[in-house]
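Biologist: I have not looked at this protein before. Could you show me the model and take me through it?

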Amino acid sequence: MNLSESHFDVIIVGGRPSGATLATRLAQGGLRVLLLDRATFPSLPAVSSPIIYACTMALLDEIGAPEAEYAHNTPKIRKLVSETRDYYRAIAVIPEDRGRDYAYAIDRARFDHALWRHAANAHGVTAIEGFGVTDLLWEGERVVGIEGRRHNSRATERFYADLVVGADGRWSLVARKVEAPLYNVDESVATSLYYAYWRNVQPYDLNEPLMVAHGTLDGLGYLIMDSADDTAAVVCEGHAEVIEGFSQGAGAPEALYEALLRHAPRIWARLQGAERITTVRGLKHTPNYYRQPYGAGWALVGDAVHHKDPLGGQGVYDAVFSAKALAEQYLAYKRGAMDYESALRGYQARLEEETLPVYRNTLAARANLTPNFPFQRLLGRYLMESPDVMEALARVPARMGDMTQIMTTRNIVLTLARGVASDARRALTGELSPSAVPPLPIERAQGVQETSSYQQRLGCLGWLFALPAIMMFGGLAALRRAR
Ligand SMILES: Cc1cc2nc3c(=O)[nH]c(=O)nc-3n(C[C@H](O)[C@H](O)[C@H](O)COP(=O)(O)OP(=O)(O)OC[C@H]3O[C@@H](n4cnc5c(N)ncnc54)[C@H](O)[C@@H]3O)c2cc1C
């Protein structure tokens, strides 16, 4: 059959999380789908670190994507360690969600390949990898198809469909060709991120796979995540201008990345004797936006329609959620349950309802990431020493909790009050803080003592800083009630 002559229900440009899962859902709904990607699989996506939570896996369960394949040989991570220098740390347990009490730091090449294969095997999907789409085909104001070329071929091929979907990432060709307007753009906080995969990273002090977040209180954050095949993903992210400061004299990304890693002694210590096994990948400025998600004959999903700072590790979830929402709305239109405009307007509404709160929280959290005066440090420690707060915070990235419900004036006042009381008790009894940072195994071998210098220095003095804050928050709460 000459494919170019055939007409599809839907053409999808881009075959990673959003495109592949959309193709599967539409085919499962009985449509004929052409799935195209200029990449060949397995291969890494543009830039992405690897966290996925149970909520994402639940969406993949709906289409039968096999966890045994996309997470093959990947350790289940049940705990998140959050350290702030050697000042304090907390351990959060990943909450159970629909039978899964773990997250993965997946190998994105393996993950994307498994989703692509799953789509390509679905009845009704024609999948072509190594095919770059170069332009859209129009009839008047309406998109009716695409044209492009296979890798190593000069021949232009054209395909036609009722709907062309851009699942082609943040630099989406489809979005550019239809001139989809941007909205909810936020340029207030620019973030940069660099990462690589390593082997033989020194383990943390607990004998299980972990995600270790490490903040340096100067605009930088690090993540070491145990990943597939005994590797670890080592990520550094932070304010673009702070990271820019490290790039002076360090031209190549490798040199910049190393300078950033050396800046965090506890991260650098874990990399002694380890081997970096991939190139350093990264992004200088992560964009934050929504794009108009549909028009006549076209729609956008995944990063093409919405992108945000990767701080919360929500990109893949949002991508597969947008695919679900578009598939359900479009299939409803195809079944005659609603007209095209209502169906696609419904898609936009569902997309925003699901993603806007997380978007706003992510940007707010990002803006507050440089706590560098004593009271904020103190509050950070008190928050981490509070089991309730840590349990609630661990629910946020799993999309089981809302940051704004946790950081209420009442909770902050309570946390401060409890923290001051605990500090006072410890100052009297000499008891060690539960948030003291233990030495790493490598440091223990060298006889390094438990690091609780911050608590020792600030311990009983903490309340001096906290008292005015309690009065301030208490006063604010009283004022709010009075209104
Ligand atoms: C630095 C960084 C870290 C991140 N970390 C995380 C994380 O830890 N957890 C998480 O959930 N999310 C994370 N994300 C977000 C996540 O990577 C994305 O949200 C997700 O990959 C979006 O999937 P997608 O299918 O929409 O697009 P993509 O994964 O970008 O895939 C787009 C596909 O389209 C294809 N394509 C593009 N143009 C064309 C064309 N003209 N013709 C044919 N094919 C084309 C590309 O080859 C590509 O395969 C991170 C993002 C960044 C930038």
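Modeller: Two residues are in contact if their C-beta atoms, placed from the backbone, lie within 7 Å. Helices (H or I, at least four residues) and strands (E, at least two) are DSSP runs, numbered from the N terminus. Residues are numbered from 1 along each chain as its sequence is written. The model is predicted: local features need pLDDT of at least 70 and side-chain atom pairs 80 or more, while totals for chains, interfaces and linings use all residues.

Biologist: What is the mean pLDDT of the protein?

Modeller: pLDDT is the predictor's confidence in each residue, from 0 to 100. In this protein 89% of the residues reach 70 or more, and the mean is 88.

Biologist: Which element gives the most residues to the shell around the ligand?

Modeller: The shell takes in residues whose C-beta atom, placed from the backbone, lies within 6 Å of the molecule; of its 37 residues, Gly14, Ser48, Gly169, Gly302 and Gly315 come nearest. Two or more residues come from each of helix H1 (17–28), strand S2 (33–37), strand S3 (51–52), strand S8 (131–139) and helix H9 (315–334). The most, 4 residues, come from H9.

Biologist: How many residues of that shell are nonpolar?

Modeller: Asp, Glu, Lys and Arg count as charged, Ala, Val, Leu, Ile, Met, Phe, Trp, Tyr, Cys and Pro as nonpolar, and the others, Gly among them, as polar. The shell around the ligand has 5 charged and 13 polar residues, and its nonpolar residues number 19.

Biologist: How do H1 and H9 lie to each other, roughly parallel or roughly antiparallel?

Modeller: Their axes (lines fitted to C-alpha atoms over the stretch in contact) are 8 Å apart, at an angle of about 30 degrees. Angles run from 0 to 180 degrees between N-to-C directions, and those under 35 degrees count as roughly parallel. H1 and H9 are therefore roughly parallel.

Biologist: How many residues in the contact of H1 with H9 are nonpolar?

Modeller: H1 brings Pro17, Ser18, Thr21, Leu22, Arg25 and Leu26, which meet residues of H9 including Val316, Ala319, Val320 and Lys324. Of the residues in this contact, 2 are charged and 3 polar, and the nonpolar ones number 9.

Biologist: Which residues of helix H4 does H1 meet?

Modeller: H4 spans residues 108–120, and its axis comes within 8 Å of that of H1, crossing at roughly 25 degrees. These two helices are therefore roughly parallel as well. From H1, Pro17, Ala20, Thr21, Ala23 and Thr24 meet, in H4, Asp112, Leu115, Trp116, His118 and Ala119.

Biologist: Which residues of helix H2 meet H9?

Modeller: H2 (residues 54–62) packs against H9 at an angle of about 30 degrees, with the axes 9 Å apart, which makes H2 roughly parallel to H9. On the H9 side are Val316, Tyr317, Val320, Phe321 and Lys324, and on the H2 side are Cys55, Thr56, Leu59 and Leu60.

Biologist: Which residue does a cis peptide bond join to Phe41?

Modeller: The omega of this bond is about 0 degrees.

Biologist: What is the phi of Arg98?

Modeller: Arg98 is in the loop between strand S5 (88–93) and strand S6 (104–105). Its phi is positive, in a residue other than glycine, and is near 45 degrees.

Technical notes: Parallel < 35°, antiparallel > 145°, perpendicular 65-115°, else oblique.
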